[in-house]
Amino acid sequence: MDAYTDPALTDKRTPEEIKWRGVSVVAKPYVPTVPLSPPTYPLRPVNGGRFDKAPAKHGDWAYEPKVNGWRTLVHTPTGTMFNRHGQRLSIEHEFGPALAILKNCPLEWLDCEGMERRHGLLRGCLIVLDWPTEKLSYNVRQAELYTCLHHIPGVHSLAPFAVPTKLTDSVLMFAHTCDGEGQAVLKECWKKLQDLNRVLGCEFYEGFLAKRRDSLYPFQLRSPSEEFPQWVKHRFI
Amino acid sequence: MPMPKSTHPTPQTEATSPPKPGFKKIDLGGITKKDAKAPKEYPVLPDPTGDVSKLVRDIVTEQEQLDALDGSLKTKKSELISITKQFFFNHLSGRSDIPSSVECRNCSSAVLVSFQNRYKVLPDEAPLIAAVGEESAARFFRQSFELKVDGDKALELAGDSIGDLISGLQELFAKHGATDALTAKSVIKPTKDYHIGRHTAFTPEQNEALERACPVIAAVKKKSDKSD
């Protein structure tokens, strides 16, 4: 599914420049659907248990740090947030500045984690995790996210082991993912994220979210609890 | 230790947040705030023999192993199903003798991937029409529904006329020749007050006896487990 953009956005590339593997991210001006509703429930990972107890996976996987926040689908043109059940997020007003930043994003929907209330870190920030679009693999989606977001003022990188604890009301995206360079390296990252929680004095990180690199983001409105087996969450506890 | 691989360059160096306009707040950093969502305090089960401790250790360890295995198995089965589906639809295209399963082997063992005549339900037909067009979608899919009556609420709202409401419903279905579509199940269940009230209304012995007739739904879960 192509994403639409507002013509007044800051991305100065031509549609041809943005066309990537046949999918244009600048297609036509945004026309709101009434009532607005997300095209899908956010993908829900399978529970993979503790990473240090989990059998080796088959295939090529990326490992994102799993952050303790509110999962939300953001409709960027209107700044509307939906929870994982497809309902309007009741704490949307607490993300006003971050939502204003995302109005400059040419991608219509973003899968984010909202940082509010659960701990004191990154209050009012939105961490962009993924771009819900059905035809592109995780690797391509991440590359496109970077292309579309990195130049927008107010968007910062989040290096997993250097959490900007004073930052608020911004948009962040992960600068790195842990990769399949061997279980030993991943186990070290797993341990290090737990050590960092101790330093931060809260459960900022919950573990890993493993995503198959060739996996798509299939849209489904059947059930918010339907699991997507190409994403696996590994929790510390 | 740096993360092993960078998927993309750093977009922007870390920035300090600009001061928030508007509302000025007093810093209450040193004062403990009452957190409405603070974890509840539960009574702790005494463990004079050490059996509780052993059971807790085993349950936590085995649950962790089970979660890890369960997740891994789900993921691998899903991948095999995905590969098999491609074969299933290509191999059987145009045929009507459709086997229920496909056998997948390695050198020493085999598993069956079964495709049963059971499907997930959809909230609406739009994705089906997008996939095969309206005519084909209408040929192979239909609307189904289930009407549910909340008996507790009906009783509360209709009061003494509940009998008339039920018989009226039966008559309505009979009038349209749809009596068989109307099913009812009668159960006995506790009132809203029972769960708390039983501790003051009954002795421990009576509660034990009640448990034999109507057991409470109990679950063992790891502390701190969250739904997402």
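The structure is a predicted model, in which local features need pLDDT of at least 70 and side-chain atom pairs count only at pLDDT 80 or more, while totals for chains, interfaces and linings use all residues. Residues are numbered from 1 along each chain as its sequence is written, and chains are lettered from A and ligands numbered from 1 in the order in which they are written.

The predictor's confidence in each residue is expressed as pLDDT, from 0 to 100. Chain A has a mean pLDDT of 83, with 83% of its residues at 70 or more. For chain B the mean pLDDT is 83, and 81% of its residues reach 70 or more. The model scores are ipTM 0.75 and pTM 0.75. Each chain also has a stretch to be read with care. In chain A, pLDDT stays under 50 over residues 1-28, for which the model has 45 contacts beyond four places in sequence; a contact here means that the C-beta atoms of two residues, placed from the backbone, lie within 7 Å. In chain B, pLDDT stays under 50 over residues 1-16, and the model has 39 contacts beyond four places in sequence for them.

Chain A contains four helices and eleven strands. These elements are DSSP runs numbered from the N terminus, helices being H or I of at least four residues and strands E of at least two. Of the 237 residues in chain A, 48% are buried, where buried means that 20 or more other C-beta atoms lie within 10 Å of a residue's own, exposed means 12 or fewer, and partly exposed lies in between, with C-beta atoms placed from the backbone. Among contacts in chain A between residues at least 6 apart in sequence, 72% link residues at least 24 apart.

Six strands of chain A form an open sheet with mixed pairing, in the order β4-β3-β5-β6-β8-β7. Its edges are taken by β4 (80-82) and β7 (155-158) of chain A, and because each has a single partner strand, one side of each is left without a neighbour in the sheet. On average, neighbouring strands of this sheet are turned by 40 degrees against each other, direction ignored. Helix α3 (residues 138-149) of chain A packs on the sheet, where it touches β6 (125-130), β7 and β8 (171-174) of chain A, and its direction makes about 140 degrees with that of β6(A). Such angles run from 0 to 180 degrees between N-to-C directions, with axes fitted as lines to C-alpha atoms and, for helices, over the stretch in contact. Within the sheet, β3 (residues 70-75) and β5 (residues 109-115) of chain A pair in the antiparallel sense over six bridges; pairing requires that DSSP find at least two bridges between two strands. Here L73(A) stands opposite D111(A) in β5(A).

The twelve residues of α3(A) reach 16 Å from first C-alpha to last, close to the 16 Å expected at 1.5 Å a residue. That expected span is 1.5 Å times one less than the number of residues. The buried residues of α3(A) include Y138(A), L145(A) and L149(A), and their cover includes β2, β6, β7, β8 and β10 of chain A. Both L145(A) and L149(A) are in contact with V128(A), as are L110(A), C112(A), V171(A) and M173(A), leaving aside neighbours within four places in sequence. V128(A), L126(A) and I127(A) touch the most other members of the largest nonpolar core, which has 60 residues. A nonpolar core is a set of buried Ala, Val, Leu, Ile, Met, Phe, Trp, Tyr and Cys residues joined through C-beta atoms within 7 Å.

Strand β2 (residues 61-67) of chain A is mostly covered, with seven of its seven residues buried. Seven bridges join β2(A) to β10 (residues 205-212) of chain A in an antiparallel run, and K66(A) has G207(A) as its bridge partner in β10(A).

Two loops of chain A hold non-glycine residues with positive phi. L122(A), in the loop between β5 and β6 of chain A, has a phi near 55 degrees and is buried, with 28 other C-beta atoms within 10 Å. D169(A), in the loop between β7 and β8 of chain A, has a phi of about 50 degrees and counts as buried with 22 C-beta neighbours inside 10 Å.

In chain B, V52(B) lies in helix α1 (residues 51-91). V52(B) counts as partly exposed, with 13 C-beta neighbours inside 10 Å, and touches L45(B) and D47(B), not counting residues up to four places away in sequence. Helix α4 (residues 151-158) of chain B lies largely in the open, because the number buried among its eight residues is zero. G159(B) follows α4(B) and has a positive phi near 60 degrees.
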